[in-house]
Each structure stands twice: as structure tokens, then as C-alpha cells.
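Have a look at it first, then read on.

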Amino acid sequence: MSAPKRLRTDSSSPRDTSSRANTRETPTTLSSDSVDPPTSPDNSTLGEETDPDYISGDATSGADEEMNKLIGKSAGRARSRSVPKSVPGEEGEEDWSVNDIDRMLSSLLDRKRRLEAAEKQVELRLLADFLRETKAQKEEALRLLNKELECLDEDLMAVQKRSIRLRQAQQGHGTQSQGDSTQATIPAGDVGSPKGPAQVPDGSNELQMGVVEQRGKKRSHEEMEQDLTAPLEGAELSVGSGITPQHIQSAQKQHQRIRAHIADLQGYYFDSRLRAQTSYTSDASHALSAFSASMTRFSSFSRFRTLATLHYADNFFNTSSSIVSSIEFDRDDEFFATAGVMKKIKIFDFGNVVWNYREDGLNYSNKTTRSGSIRDGGLPYRSWGRRDGSGRAMSPSLRAKGGRMGFMSANQLNEAEERVDIKREEDDESNGPDDVPRYPVREMACASKISCLSWNSYIKKQLISSDYEGIVTLWDASVGIPTTQFDEHEKRAWSVDFSQPDPMRFASGGDDTKVKIWSTNQKNSVVTVESKASVCSVKFNPEVNHQIVFGSADHHIHFYDLRNPSLPLHIFKGHKKAVSYVRFLNGDDIVSASTDCTLRQWSLSESVASQTSVCRRSFVGHTNEKNFVGLSVNSTGEFVACGSETNEVFAYFKRLPKPVVVHRFGNSVDAISGEEVPEEDPSQFVSSVCWKRNSPTTLIAANSQGRIKVMEMA
């Protein structure tokens, strides 16, 4: 047999030149007598790159060595056949023998078993890590659950003790009212030390007797807890001891509302309660009382009751160009102003608007009080409880007649108001048109569409407005004329706001990406804050005069100290679209509205301290993707109202992410018949909302058709 062929190493040979040309991108250095190592289809060197044992430095097994030899042998033969024959007629050797194939199969099977074992080890390791991590999380959840159960047990015991003390106090008060005051006093020797003062027992008489009978016998914790909870478990409210059927009915309704928000309430309860446990300054009983008060307040309301309906447009049934962009109450809640795209500011007397409406509901004569107002001696419906010297309540129209033969008892007055409430509930279901015309007491014309209003909280007659031409106007509302115009904005101005601590200062912002601070006695702005996007809303801190926040089209809320207007204290990030409104809940918390269909509550102090945007809560439920729909916070800072592009008004409780009250504004009104059309107009939306300054339940809202509703939470 002929000897195996060698690679030619002559540098001048044609093959050598071709080989170097083909390896230009990945050059390699070869000696004259070297042989290329065997390669895989992807050009990686077999044995070194593909063998995990080789890579890790471990010694290969005998089967692997045998397999590598066979692979190298086969590769060498293949290369030998690829080289042109130097001697004609010379033939290659056989590639594989039966023994070679057996050894190769044995090596492959051994490699397969080792790879499967390695993969199984990795799988078991991943499973063990997952189980350990899950166990740790569940143990932490169990720890938290045990803490929550401890809180619940403690609070249940505290509530039951308070209830028992309250019932005992009521029983003692009832005994004293019957003249037997001695029986209401517990002798000093009955409870506690004979020498000590009298103590109010924690249980009923049956509980005390049970303790006496078992004196000297140690009782288990379960027995003691059972004795304490037995008088209250399964007990329901019943008429008596000051509880009326109205109390029971109201409690049932509140229970239903609580059940509807049970998951959110649980989160609020445990958050506040556990924080009180870990805080040295908070008291657990105080946290429980605060939660109880908040839960009672939010569950007391389920709907908005319409008190009056009026129109921003001159024509009551005008359906075009009537968007109300802003509503504001004056300092004393006596008047409220409306403004919008009709280029007019209309001021209404709140007392007149609500007075006439409520009197119509009680079927009193409109002629008697339609001209009445707060200034004329008339009183709004809240003042119906006025009594004469005998303590009897008088109705408004009968007071106007001198009060003779017109006295109503408290029960009669309550029944009359309940009838009105029932009537208004029926009217609210249909949202029928209100045919009582209501006219503004003042009307002021502007040169351009108005975007925002703000009333001075100290100087009653001062009102400012911003318009689409970028002009900010200071008005004397008492006479209805502009006193000063500020025209430094280069584009449309979206927002204005008076400072509460300093009534001489106000702010404005607009599409020119600037926030300007003004003084009412200066023509030029005193401070300018530069931004990078349109400013949609600006607001002063109601407690700190030199702090402002503004919402921008860059999706952020900017917080500034006006003493250093070149650098923000913090930029709140979290919204996904433009921030259309910002409002203060209190001196440290703000709420923002965005066209991403969410409201967000932020903490100023925590965000500045940590330099991270601390979002306490997100409120979702309304629809807002492109329009200004209004945002307002009530006087207690607990309820937040906003509009929706579904032509609805949403009210949120600041502790809960979902709305607690939703009011449908109603369909559009036919211009000829004055009745609502049966089909909803998808283009309508609620454009502005405003809570009354000193009434936490009264809200005014307006929509894009110019319809304005005065409503009350009930």
C-alpha cells in the first residue's frame, strides 16, 4: 500500500495561496509540518471547545479518549482524501471498522448518560432554589399574617370593651334619669379593693358572677375571651336605647358599601395599624379610632343628589360652544363663578340657586322666596333648622309670612325633608330637565376663551382669569370690570392660582413652558420658572407661601421652592401622559390628574427626603384620555372629585383606589322640546368640578354642553 499523503508546505504552491486567502478574516499561524485539528461543522475545534470535561480541566474518561481518537482518525482520513493524489491510482484506506463503530457508540452512550445526569442535577438545583425561596416568602407571609391576626384580636377586644362600657353608661344614665341615682353608682367594695374607688366593670353582671363562681380556678385564655365576646357575638342592632329604625336602616346601607370595598379597606386598615405598631410616636388605639372614623365617613355616602341645574349658555338648550372650563367659589361660599369657551364669566348667587330648588321640592310658593337671597334675609336650605323661642322649627315660606300658624315640629321637618329626598332620588334616576331658570347676578365679557379662574381667599371682590391669548386678568367682581391685565405669556395660559398665605401673590402657567409669579400691585412678573413642556396646571401650597407645584405635558409634576426657582425640589414621575391638574390635599400631600385615566396621590416630604417619587395611591375608574375634565378636593381633604369623558362625575375617598360615588350627568337636551334625547352623545364629557369651600359634601359640576349641576353627597 502506498504511504498516506502529506500536506504540501511549499509557499509558492497554488493551494497554499488559496488557503491563506480563504482565512483572511480569522488569520491563523501554521508551522510547515503541522496538521489542522479536527473541526466541527461550525468551525469550532472538536475536543477542546466542545468537551465540557476538557473545558473545566477535568481528566477525560477512557471512553472519551477513545472517541476523540476515532474522531481524529476519521477527520485525518477525510483530509487525506481531499488532497489531490500525488501518485496516480493510489487509493485511500477504509474509514471505519466494526470495532471502531462499537467503540464510538459506547462512548456516545456514556456521554449521553453523563449529560443527562448533569441536566438532572441542574434541574434539581433550580427546584431546590425555588422551594427555598417560596418557603421563605410564605414564612414571611405567615409572620405578617400572625401579626395581622394579633392586631385583629387586640382591636376586637378593644371594640367589645368599648361597646360594653357604652351600654353600661347608657343604662346608668337611664337609671339616673328615673331619679334612682344611687343604683347607678357601683359600691366600692363590689369591684376591686375595698379601699379603692369604684370601678366600671369590663363585663356585664353575668360576667362578674361567672368570675366570682370560678374564683380560685385558673381559666384558659379561650375561656376568658369567650366570656368577653359572648354578649356581642351574633348580636344585631335593635330599636331602643336611643337607636331608631333610621339608625338601623342607615347601618345596613353602610354595611353594604363597606362590603363592596372590603379588600381596599383591609389594605388601609393593616397599613395604618401595623405602622402604628412599629412607630414610637403613634398610638394603636388612635390608629383604630382614625380608621373607624374614616370608614364611617366614606360609607355614609352612596350617591350625588341634584339640588339645582342651571346653564352656562345664554340659550338653555344651546348645544354648541358651551364648554365650562372652570368653576370657583368665592371666599365665603356666597357666590360661585363659571367661565369657558363662550368668553364670559358668569357669577351666580349660591343661596338663590339652591333656595328656589329646594323650596320647589317642598311644594312651597315660589313667589314668596324666589327673589330672596342671603343678602335679602333669605336663608339657604341648610338653615331650615332655625327655631323660635319655643324650640319649634319654621319652614322658610311660613317664616316669610310672619311665622303664624307655620310652626313645624322636628319630626315633621325631618319627614318633609325625607319626602324631598325620595322625590329627588326619583328625579335623579331620570335626570329630567330643570325648568326653573336661574340667572347670574354678574356677567363679565372677555376678549378670548377662558381657561381658568381663581378667587382671592382674603379679598372677596378679587377674581383672576387666564385665557387662550395668554392674558391673565385681575377682575373687580363687585362691579364686573377688569382692573389689571398681565400679558407676559407668549402663548395660551392654562392655569392661574391665588396664594392663600399671601393674598397679593398669584401664579400662572401656559403653553410657553413658563410659570410666572405675579403681585397684584405690579404690572410685571416677579419670578419666572422655566420648564421644558407646556404647563397645564399650577398650584400654591396652601400652608407654605414659597412652594408651588405644577403639572406639565412632559408627564411629570414639578415641585419648586420659589426662593430658588432655577432648581426643582423634586420632579414626580409616574404618569404615562400629560398631567392636566394638580391639587393639594394638605400641606404635604398632593393629588394629580393625567390623561392616562388615573389620579395619583404623592407625598412631598417623603419624596424630597428620599429623592424618589413616593406615590401613596393611584385612583382608577374614570375615563380621561384627551380632555380637561376637572379636579377638586373637598374642605376636609378626604374626598377627591373629577370628571370623566363618559359624561359622569366620580368621587374618590383618599384611602381607597376605586370611586365611592359615581353620578351620570345625563344625555344631551333636545333644542326644540327641551327633553333629553334617548341616545347618549359620546362626545360629551364633564369638563369642570368644584367642591364648596366650607361644605365637604356640596359639589358643582359642569359638562361640555354647558349644563351645570349643584349636587350634594347623600
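What follows covers confidence, aromatic rings and charged side chains.

This is a predicted model, so local features need pLDDT of at least 70, side-chain atom pairs count only at pLDDT 80 or more, and totals for chains, interfaces and linings use all residues. Residues are numbered from 1 along each chain as its sequence is written, and side-chain values use heavy atoms, with hydrogens and water left out.

**Confidence**

- The protein averages a pLDDT of 75, pLDDT being the predictor's confidence in each residue, from 0 to 100.
- A score of at least 70 is reached by 63% of the residues.
- Residues 227–235 have pLDDT below 50, and beyond near neighbours in sequence this stretch has 13 contacts in the model (contact means heavy atoms within 4.5 Å).
- Over residues 429–433 the pLDDT also stays under 50, and here the model has 12 contacts beyond four places in sequence.

**Aromatic rings**

- The whole structure holds 22 aromatic pairs; rings of Phe, Tyr and Trp (its six-membered ring) pair if their centres lie within 6.5 Å, and planes under 30 degrees apart count as stacked, over 60 as edge-to-face and the rest as tilted.
- Phe550 and Tyr560 are a stacked pair, 5.8 Å centre to centre with 15° between the planes.
- That pair links distant parts of the chain, 10 residues apart: Phe550 sits in strand β17 (residues 547–552) and Tyr560 in strand β18 (residues 557–561). Helices (H or I, at least four residues) and strands (E, at least two) are DSSP runs, numbered from the N terminus.
- Phe550 is buried at 0% relative accessible area, and Tyr560 is buried at 5%. Buried means under 20% relative accessible area, exposed over 50%, partly exposed in between (1.4 Å probe, protein chains only).
- Tyr581 and Phe628 have ring centres 5.8 Å apart and planes at 90°, so this pair is edge-to-face.
- Tyr581 belongs to strand β20 (residues 579–584) and Phe628 to the loop between β23 (615–620) and β24 (631–633), so the pair ties together parts 47 residues apart in sequence.
- Tyr581 is buried at 9% relative accessibility, whereas Phe628 is partly exposed at 27%.
- Tyr268, Tyr269, Phe270 and Phe291 are linked into a cluster by ring pairs.

**Charges over rings**

- Lys346 lies over the face of Tyr312, 5.6 Å from the ring centre. The rule here is NZ of Lys or CZ of Arg within 6 Å of the ring centre and within 35 degrees of the ring normal.
- Arg492 lies over the face of Tyr468, at 4.9 Å from the ring centre.

**Salt bridges**

- The count comes to 24 salt bridges, each a side-chain nitrogen of Lys or Arg within 4 Å of a carboxyl oxygen of Asp or Glu.
- Lys135 and Glu139 meet in one at 4.0 Å, N to O. These two are four residues apart in helix α4 (residues 98–177), so about one helical turn separates them.
- Lys135 is exposed at 53% relative accessibility, while Glu139 is partly exposed at 45%.
- Glu490 pairs with Lys514, the closest N and O atoms being 3.5 Å apart. Glu490 is in the loop between β11 (481–486) and β12 (493–498) and Lys514 in strand β14 (residues 514–519), so parts 24 residues apart in sequence are tied together.
- Glu490 is exposed at 61% relative accessibility, but Lys514 is buried at 18%.
- Arg616 and Glu606 form a salt bridge with closest N and O atoms 3.2 Å apart.
- Salt bridges that share partners join Asp330, Arg331, Asp332, Glu334 and Lys460 into one network.
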